[in-house]
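Dear colleague,

I am handing over the structure we spoke about, and my notes on what was found in it follow below. Please read them with the model open beside you.

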Amino acid sequence: MNFLIENKWAILVGLEVLAWSSTFLLLYARYGLKSNFWFKVATVLFALTGVIPQVLMGIINFISTKKVDLFTLIIVLLIIYGFTLGKKQVKKLDSWAKAKFSKEENHRA
């Protein structure tokens with residue numbers, strides 16, 4: 001538990017990088033590979049690197065510090081962002097990926 005608290009910022013940044021990477025993998029699997037299997041794998045990876053560990057890190061930090069500090073506040077803001085503005089940005093990314101991969105497919109044909 002001490003390891004998590006001592007390295008919470010590095011872990012959070014790492015989780016964010018992994019979550020966004022899995023988002024791009026998800027879009028690539030969906031439109032580039034057209035693979036339902038890899039889309040499901042990327043969806044699971046997103047869940048395992050995105051919301052779930054961030055919420056757990058926030059809970060662990062709150063239990064450890066017994067107060068709402070900057071780290072807990074950042075976690076809450078990231079979750080709020082993910083359920084509000086983040087959804088809109090992912091929809092834009094989805095549209096971009098769909099257009100990009102459909103153009104590449106048309107050039108191959």
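The side chain of D69 makes a polar contact with the side chain of T72 at 3.0 Å, where a polar contact is a pair of N or O atoms within 3.5 Å and, within protein, one atom must be able to donate a hydrogen and the other to accept it, with residues adjacent in sequence counting only if both atoms are side-chain atoms. Please keep in mind that this is a predicted model, in which local features need pLDDT of at least 70 and side-chain atom pairs count only at pLDDT 80 or more, whereas totals for chains, interfaces and linings use all residues. Residues are numbered from 1 along each chain as its sequence is written, and side-chain values use heavy atoms, with hydrogens and water left out.

To stay with D69, this residue lies in the loop between helix 4 and helix 5, helices being DSSP runs of H or I with at least four residues, numbered from the N terminus. D69 has a relative accessibility of 18% and so counts as buried; the classes are buried under 20% relative accessible area, exposed over 50% and partly exposed in between, with a 1.4 Å probe and protein chains only. Leaving aside residues up to four places away in sequence, D69 touches K8 and N61, contact meaning heavy atoms within 4.5 Å.

The loop between helix 4 and helix 5 also holds K66, whose phi is near 60°, a positive value in a residue other than glycine. K66 is exposed, with a relative accessible area of 67%. A positive phi is likewise found at K34, near 50° and again in a residue other than glycine; K34 sits in the loop between helix 2 and helix 3 and, at 52% relative accessibility, counts as exposed.

L33 is found in that loop between helix 2 and helix 3 as well, and at 41% relative accessibility L33 counts as partly exposed. Its contacts, not counting residues up to four places away in sequence, are with Y28 and W38. L33 and F101 are 68 residues apart in sequence, and their C-alpha atoms are 9.3 Å apart in space.

Turning to the aromatic residues, a search of the whole structure finds 3 aromatic pairs, a pair being rings of Phe, Tyr and Trp (its six-membered ring) with centres within 6.5 Å, and planes under 30 degrees apart counting as stacked, over 60 as edge-to-face and the rest as tilted. In one of these pairs, the rings of W9 and F71 have their centres 5.0 Å apart and their planes at 90°, so the pair is edge-to-face. This pair links distant parts of the chain, since W9 is in helix 2 and F71 in helix 5, 62 residues apart. W9 is partly exposed at 40% relative accessible area, whereas F71, at 1%, counts as buried.

Finally, the largest pocket has a volume of about 570 Å³. Of the 22 residues that line this pocket, T23, F46, V51, G82 and V90 are the closest to its centre. A pocket here is an open set of points on a 1 Å grid over the protein atoms alone, where a 1.4 Å probe fits, with protein on both sides within 12 Å along at least five of seven lines, and lining residues have an atom within 4 Å of a point. Grid points are joined across faces, edges and corners, and the volume is the space filled by probe spheres set on the points. Helix 2 gives the most to the lining, with 7 residues.

With best wishes

Technical notes: Helices (H or I, at least four residues) and strands (E, at least two) are DSSP runs, numbered from the N terminus.
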